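Work through the exercises below with the structure open beside you. Try each task before you read its solution.

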Amino acid sequence: MNRLLVVDDEANIRLLYAEELADEGYEVVTAAGTAEAVEKLQEGAFDLAVLDIKLKNESGIDLLQKLVKERHDMPVILCSAFSCYKDDFSAWLADGYVVKSGDLSELKQEIARVLAKKAQRQKAGL
Amino acid sequence: MKAVIMAGGFGTRIQPLTSSIPKPMIPLFNRPIMLHIVELLKKHDITDLVMLLYHQPFVIKNFFRDGADFGVKITYVTPLQDMGTAGAVKAAEKYLDERFLVISGDLLTDFNLKKVIDFHVDSKAKATITLTSVKDPLQFGVVITDKEKRITQFLEKPGWGEVISDTINTGIYVLEPEILASIPDGENFDFSQDLFPAMLKNREALFGYPAKGYWRDIGNTDSYREAYHDIFKGRINLKIDEPKQDFLGKDLRIGADVTLEYPTGLEGTVVIGDNTQVLGDVRIKDSVIGRNCTIEAGVKLNRCVLWDNSYVKKGARITDSVICSNVRVGQGAVLEEGVIVADETSIGDEAVIKSDVKIWPRKMIEAGATVTANLIWGEKWKKALFEGAMIKGLSNVELTPEFVAKLGCAYGTTLPKGSYVLGGRDCNLSSRMLKRCFVGGILSAGVNVRDMKMTPLPILRYKLKTFGEVGGFYLRQALDDPAALEIVFLDGDGLDFSSGMAKNVERIYYKENFRRAHHSEPGAIIEINNVVEFYREGFLRAIDKEALKKAAWTVVVDFNFSPASQILPLILNELGCNVIALNAYVDEGRGSKKALDKQAGLNRLSKIVASLGAQAGFWLDPTAEALVLLDGSGRIFDGVELLSLVTALFLRTGQKGVIAVPVHAPSTIEQMANQKRCQVTRTKSSDRAMLEAASSSEVILAGTIDGRFAFPRFQASFDGMFAIAKLVELGAAGAIPFSSALAEVPASVFLQTSVPCAWEMKGGIMRKMSEDSLDKEATFIDGIKVHFGDEWVLVLPDQHTPYAHIVAEAKDQKAAQRLLSEYQKKVEGWKKELE
């Protein structure tokens, strides 16, 4: 079972994502901000992280940079209410970008695509 | 009475039929058009002819000579310059001392000329213009007459709003000799534009005679084909040399020494010229075949015109087309309606020439090719557009704006509507021009383009690895030919196109099955910034900054005018390197730069590196993918030596993983890797195969034998800029000269050669090689590689050119040469057996 880390500052969003993604067969761990995310990352490995960009006073992109540096094997999908960050070059470090919506199907598809790509790379490397 | 035949035109509008003969000599039912005019004049007792020649006069003179063979007397006049219609007649003034008739040599008509002359005499005219009525008078001169047929008005090439009559000037005039006095000497002077309007103004006796009968100006290729249609339909009676045969219900005209095995397949009017062979069961309807042609079994010709000496192979199908002289039409080839094939062209088997395509002389159409556009200047039309992941052609000759726009549309059609692609180019002006056309095509298919403008290809590939785009493209000048341009196609991961993707684009291009966006939803062009910054960040993360800063090397880099010169020096400076940049400017305004001669550039660089006391020198190719390394003494490391050196340096770092090299790289790579407990994976020779291997998470280095390297920790693509920084890092970390590192490479000799090998022979050669290798240890990754202990030889057919490559490696020069020669002889022998 793939283990996902969802980082979002809104509790209801975390709840919604956790429920929906669990229904898809993922094990979901949530974090409300950068510090909590780092804490959860130290507790165990994740197959993928879904990261909000605006995290109260923090920036998801800063966390993304940190993750790319320290956990470059873990793909990250940015999930933001704003599409403008697509043009921010720092965001290009992510493996995917989804504009937030009440309909989670795009996010689910993106998670499946990125995980499949990761699996493919791992398989090719064997 | 005399007649003047105007036969001086260049026939520009009717090209390519006039590419090797003057327009009046174009055959109409196996006789020159002008001969039909001569026959018409003779029929009306006009046998004293003056022919006005200008363009290729000797062709006409050689045919008609003094006219005796045709029962007429001919005087030739060849003005030294283009004098206009009346001016040219003026040049023949000394032969025109009586009433005379003027007629064009490229008309098809059965007018009763006697009646025109009688009218002229009766009306006491100084000039009579023969008139006729046509459905579409726009392209002709409209003439208005009064009740007495006196001309009252001219209207040259009117618009529909101006058309007040359908009566036009046919270019057939009867003139009194005194009219020549009104034509100025040595000036360009036209009958319809100058002389007749002047006569009208002066109220001279200028009349128009409305003739009855058939008239057609054979001015363009459509009109030429329509003239045949009219003759087939019996709208005009034409003299045909070939005798009529007595076949009930058929109008067959068969020349001398004709072989016709199955006359039952002939239908309508069929003319077959002398010495032509029609072999086997064919279907020929309403067609004219010239002399010395061969038509094989199963051929279908419908409303076709074949000139002399053409060969139509089995099963070819040609509809309403014109095949000029010395043309070969391959087996099963299809020529759709309206095709014109000029002299000495060869159309390959199973080729398809789409409707209305005109092929200029001496072209080679490859077997299986589909030709959708006029082929004018290039030598051949290829079966496949793609060479691997790219399309290459002469800029503005083969890769024309029209072609490239259609190609862009085909590419866009393969992508989801509303998706984004990333585009870039080198500094070449042709790349800039054609990129705009290509982008236009993509937008028309409803796909958006993010434009990186002028950028090195590795940076474009780097951005493609992030989200946002489903593919990319890059236009650049070809390294081996400054006149050629390459369009490189990339997938959404920045990898070269797979053959399946290329075929998809080709299929849509040839079928013209384009997706055209609705007017409200074409794609948009978005400029994309910060990519260089993004690349720089990733670059710096993947390099040991401290080691470089500590080493503080001085390096000389020849940038070959690549846009990399705008990026790499800044990064290297940031890493503590002192960069001496050569050829480091890009200047679009000054036009395209030819890549400097590589060897001369390297020799110059070698001297500069040594004299400046730099630690290393680099020659970066204009695509910023490949490089050559020079050590502090100016010694040049490239090709196999460079691959071995980079591998040796890289292995010294102690990194564990897999090294990817192509199947023809030296086996010393394995020997070095095994000592350091690393593995080697051999890939096919294609770029995509290499880059796919580099994408594997286990691969730590991928390298070719032409100086391209990918360091997957940064990006799994060939990147000359990163490779330069990495080599400085490796060199500085090793703290030994490059030549010493190379000494660690096990000794071996690596030789290669290429043997010309026709496409159709490649399969046979590889079968022979396979049979020859049955009892030997062989690998089949790409081509066939036979191992003899530490020695090996590889026979590899080239994917894009008619060559087979032979590569051999052995411990010493003699053994390698022996192996190479042995297999070269084998391949040459197999070629002879297969011929």
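The exercises that follow concern a predicted model.

**Exercise 1. Which feature does UniProt place at D52(A), and is D52(A) buried or exposed?**

Step 1. Start with the record. UniProt, in an unreviewed entry, gives "modified residue: 4-aspartylphosphate" at D52(A).

Step 2. Find the place in the chain. D52(A) sits in the loop of chain A between β3 (48-51) and β4 (54-55).

Step 3. Apply the cut-off. Buried means under 20% relative accessible area. D52(A) has 5%, so D52(A) is buried.

Step 4. List the contacts, leaving aside neighbours within four places in sequence. D52(A) is in contact with V7(A), D8(A), D9(A), G60(A), C79(A), S80(A) and K100(A).

**Exercise 2. Where do S90(A) and A91(A) lie, and which residues do S90(A) and A91(A) contact?**

Step 1. Locate A91(A). This residue is in the loop between β6 (76-80) and β7 (96-99) of chain A. S90(A) also lies in the loop between β6 and β7 of chain A.

Step 2. A91(A) has 0% relative accessibility, so A91(A) counts as buried. S90(A) has a relative accessible area of 14% and is buried.

Step 3. S90(A) touches I61(A), L64(A) and Q65(A). A91(A) contacts I61(A), L64(A), L78(A), Y85(A) and, in chain B, F467(B).

Step 4. L78(A) and A91(A) are 13 residues apart in sequence. Their C-alpha atoms are 7.8 Å apart.

**Exercise 3. How do α7(B) and α8(B) pack, at what angle and with their axes how far apart?**

Step 1. Two packed helices are described by the angle between their axes and the distance between the axes.

Step 2. Read the values. Helix α7 (residues 401-413) and helix α8 (residues 429-444) of chain B pack at an angle of about 40°. Their axes are 6 Å apart. The crossing is right-handed.

Step 3. Name the residues that make the contact. α7(B) supplies P401(B), V404(B), A405(B), L407(B), G408(B), C409(B) and Y411(B). α8(B) supplies L434(B), C437(B), F438(B), G441(B), I442(B) and S444(B).

Step 4. Sort by class. The contact has 10 nonpolar residues, 3 polar residues and no charged residues.

**Exercise 4. Which residues of α1(B) are buried, and what covers them?**

Step 1. Count first. In α1(B), 9 of the 11 residues are buried, so the helix is mostly covered.

Step 2. Name the buried residues. They are I33(B), M34(B), L35(B), H36(B), I37(B), V38(B), E39(B), L40(B) and L41(B).

Step 3. Look at the cover. It includes β1, β2 (48-53), α2 (57-64), β4 (100-104), β5 (107-109) and α4 (113-122) of chain B.

Step 4. Repeat for helix α11 (residues 531-541) of chain B. The buried residues there are V531(B), F534(B), Y535(B), G538(B), F539(B) and L540(B). Their cover includes β35 (448-454), α9 (457-464), α12 (545-551), α13 (568-574) and α18 (720-734) of chain B.

**Exercise 5. What is the phi of R203(B), of N275(B) and of D45(B), and which bond joins Q15(B) and P16(B)?**

Step 1. Most residues other than glycine have a negative phi, and most peptide bonds are trans.

Step 2. Take R203(B). Its phi is positive, near 55°. R203(B) is in the loop between α5 (191-201) and β10 (206-210) of chain B. Its relative accessibility is 74%, so R203(B) counts as exposed.

Step 3. Take N275(B). Its phi is positive, near 60°. N275(B) lies in the loop between β14 (266-272) and β15 (277-278) of chain B. At 41% relative accessible area, N275(B) is partly exposed.

Step 4. Take D45(B). This residue comes just after α1(B) and has a positive phi of about 65°.

Step 5. Turn to the bond. A cis peptide bond joins Q15(B) and P16(B), with omega about 5°. P16(B) is in the loop between β1 (2-7) and α1 (33-43) of chain B.

**Exercise 6. Which backbone oxygen does the side chain of S695(B) reach?**

Step 1. Locate the residue. S695(B) lies in helix α17 (residues 687-695) of chain B.

Step 2. Follow the side chain. It reaches the backbone oxygen of L691(B) at 2.9 Å.

Step 3. S695(B) touches R121(A), L495(B) and A716(B).

Conventions
Residues numbered from 1 in each chain as written. Chains lettered and ligands numbered in written order. Predicted model: local features only at pLDDT ≥ 70, side-chain atom pairs only at ≥ 80, totals over all residues. Heavy atoms only, no water. UniProt positions renumbered as here; feature names shortened; annotations may be inferred. Helix = DSSP H or I, 4+ residues; strand = E, 2+ residues; numbered from the N terminus. Buried < 20%, exposed > 50% of the residue type's maximum accessible area, 1.4 Å probe, protein only. Contact = heavy atoms within 4.5 Å. Axes fitted to C-alpha atoms, helices over the stretch in contact; angles between N-to-C directions. Left-handed = near helix turned anticlockwise from the far one by under 90°. Nonpolar A, V, L, I, M, F, W, Y, C, P; charged D, E, K, R; others polar. Polar contact = N/O pair within 3.5 Å; in protein donor to acceptor, adjacent residues only side chain to side chain.
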